[in-house]
Amino acid sequence: MKTFPKNFLWGTATSAPQSEGHSLQNGKSETTWDYWFKTNPEKFHENQGPENTTNIYEMYKEDCKKMKEIGLNSFRTSISWARLLPDGKHVNQEAVTFYRDYFERILEEGVQPIINLFHFDMPMWLMEKGGWENRESVDAFAFYAKTAFELFGDLIDSWTTFNEPIVHIECGYLNGAHYPAIHDFKKAVQVGYHTLMAHTYAVKAFREVMPKGRIGIILNITPAYARSEQPADQVAKENADLLTMKSFLDPAVKGLIPEPLIQLIKKHDLAPETMVSDKEAIKENTVDFIGLNYYQPLRVQAPEDPHFPAQDPEDLFAPYDWPEKRINPYRGWEIYPKAIYDVAMMIKNEYNNFPWYVSENGMGVANEERFLDEQGMIQDDYRIDFMKEHLDYLYQGIQEGSNCFGYHTWTFIDCWSWLNGYRNRYGFYRLESDKNFTRSLKKSGLWYKEVAQNNGY
Ligand code: BG6
C-alpha cells in the first residue's frame, strides 16, 4: 500500500469558462472566447462554443454533492472576470450570489476549494484596449483580484492568480490557437511581462486584504528533455527551461527574473517595456505555494537553421521527436509519468523544497463513448492506469522528501476545451451535452474514490 502524507489533497480541477456555461447570460460580458466563437465558429470543434459548457451555473447544487460521491477533499475552479466585473469596474451582484452559493456548497461537502482568477478568459472590453499588451491590464487585473478577495475571502483561503500563463502568451501571440491569434515574438514577451506584473500586483493585493490566506500560481512546467548531451542540445534545453518554466516559476517563488533569461531576451531584441518599480514589486510579492499542471514532457533539440534575432521560440529550442516515446492513442500526447518525479526533485533541489501540488494531470480520450458498457458506464481502465503510473512516481518523489501536498486530476465532469470543444474527454463523469447535460460516473471515478478514502492505493 502506498500511503500519502496526512491531509493530502485529492481533488480535481476545472475552470469557469470551461464549466459554467451561461456565457452571455446573468450579467456576464463577452470574453475573447465569446467574441471569437461569434465571429469564427468554424474554428471550434463541431462548432461548439463557450455558451454550451458543462452548465455548472445551473447544476452546481447537484454537482457539489457529486464531489463528495467520488471522495474529493479538494476542488479547483476559477472565477470569471467578465462575470464578476462585466465592465471592469462595477460588481455584478448576480455573480456574487452565484459564486458565494457555489463556494458555500463546496465547503458544506467538506471539500476545500482552491480558486483561480484567470484561465485564458480575457474580457473583451480589455482586449479592445490591447489586452495583456497594454500596461493598463496590470492595474485592471489587480483591481479584479482585490475585488474577488474582498467578496469571497471569508469563504476561500486558498487562491491562485493564473492558470498556465505561458499558454495564453504562446497560443495568442505565437501559434494562433487563441485570440488574437497573431504571430509576434516581441509582443509575446511583452504580454508575458505584463501577465507577470499582473500576477505580482494581485499577490500584493492579497497580502493587504487576506493576511491569513495562501496564494499561489498554476504553471504548466516540465523540465525540458534534450535530444543529447551535445552542447548545442543542452543550450536548447536551457533556453526552453528559461522561457517556458523559469520565466514564471523563478519570479513567483524566488522573487526575481533569472539573469540568463534577461540576457537571452536582450540578445534577441525582445526586451519588454518595464517600470523601475517592477523589480522591487516582484521581489516583495512571492507566493506561498505553486500548482503544477503536467500532461506531457517537452523534448527539445538545437534548431537547425535558426533566425537571428529569433522570430519564434523554435529559433531557440526546436521540438524533438523522441523515437522511444509512448503515445496516448486517444489524444496523441506523449505519456511519460517519470517527469512528475523529475519535477518533484527539481522543486526540492533547486527551489528549496517549496510547497507544491499537482494541479492538473489527466488523460484525454476522443470518442470515449466507444468504452461504454451495457450498463452505460465508461470502462476507462486506461485512465486508471494513467493516474496510477503518475501517482507511483509522485509517491517516489514524496518518499524522497518532496514537499508535495496534493494531486488534482483534470477533470471533474467532462468539459468544453477551447478550440477542441468536447473532442477530448477527461472527466470522472461523462457529460452528454446534447441530452440535458446528464452526468454519468465513469469507472475511474469509483477508483479515485477509493484512493481518496484510503489516502493511497
Ligand atoms: C490544460 C488546460 O492544459 O489542458 C485546460 O489547463 C485544457 O484548460 C486541458 O482543457 C486539456 O486540453 P485538450 O486540448 O486536450 O482539451
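A word on terms: strands are DSSP runs of E with at least two residues, helices are runs of H or I with at least four, and both are numbered from the N terminus. Two strands pair if DSSP finds at least two bridges between them.

Before I go on, a caution for everyone. This is a predicted model, in which local features need pLDDT of at least 70 and side-chain atom pairs count only at pLDDT 80 or more, while totals for chains, interfaces and linings use all residues. Residues are numbered from 1 along each chain as its sequence is written.

Back to the strands. Isoleucine 217 stands opposite isoleucine 290 in β7, and β5 and strand β7 (residues 289-293) run parallel, joined by four bridges. Strand β4 (residues 158-163) also pairs with β5 in the parallel sense, over four bridges; there, serine 158 has arginine 214 as its bridge partner.

So how buried is strand β5? Five of its six residues (214-219) are buried, so β5 is largely enclosed by the rest of the structure. Buried here is a C-beta count, with C-beta atoms placed from the backbone: 20 or more others within 10 Å makes a residue buried, 12 or fewer makes it exposed, and in between it is partly exposed.

Now zoom out with me. The strands β1-β2-β3-β4-β5-β7-β10-β12 form a closed barrel of eight, with parallel pairing. Neighbouring strands of this sheet are turned by 25° against each other on average, direction ignored; the axes are lines fitted to C-alpha atoms, for helices over the stretch in contact, and angles run from 0 to 180 degrees between N-to-C directions.

Strand β1 (residues 9-13) runs parallel to β2, with three bridges between them, and threonine 12 has phenylalanine 75 as its bridge partner. Strand β3 (residues 112-118) pairs with β2 in the parallel sense over five bridges, with glutamine 112 as the partner of serine 74.

Next, the nonpolar packing. A nonpolar core is a set of buried Ala, Val, Leu, Ile, Met, Phe, Trp, Tyr and Cys residues joined through C-beta atoms within 7 Å. The largest core has 101 residues, and those with the most contacts inside it are Tyr144, Ala145, Ala202, Ile290 and Leu394. Helix α9 (residues 185-209) gives the most to this core, with nine residues. A second, separate core has 21 residues, including Tyr173 and Val300.

Staying with helix α9, valine 203 is found there. Why does valine 203 count as buried? Because it has 24 C-beta neighbours inside 10 Å. Leaving aside neighbours within four places in sequence, valine 203 is in contact with Thr161, Ile215, Asn285 and Val287, where contact means backbone-placed C-beta atoms within 7 Å.

Technical notes:
Contact = placed C-beta atoms within 7 Å.
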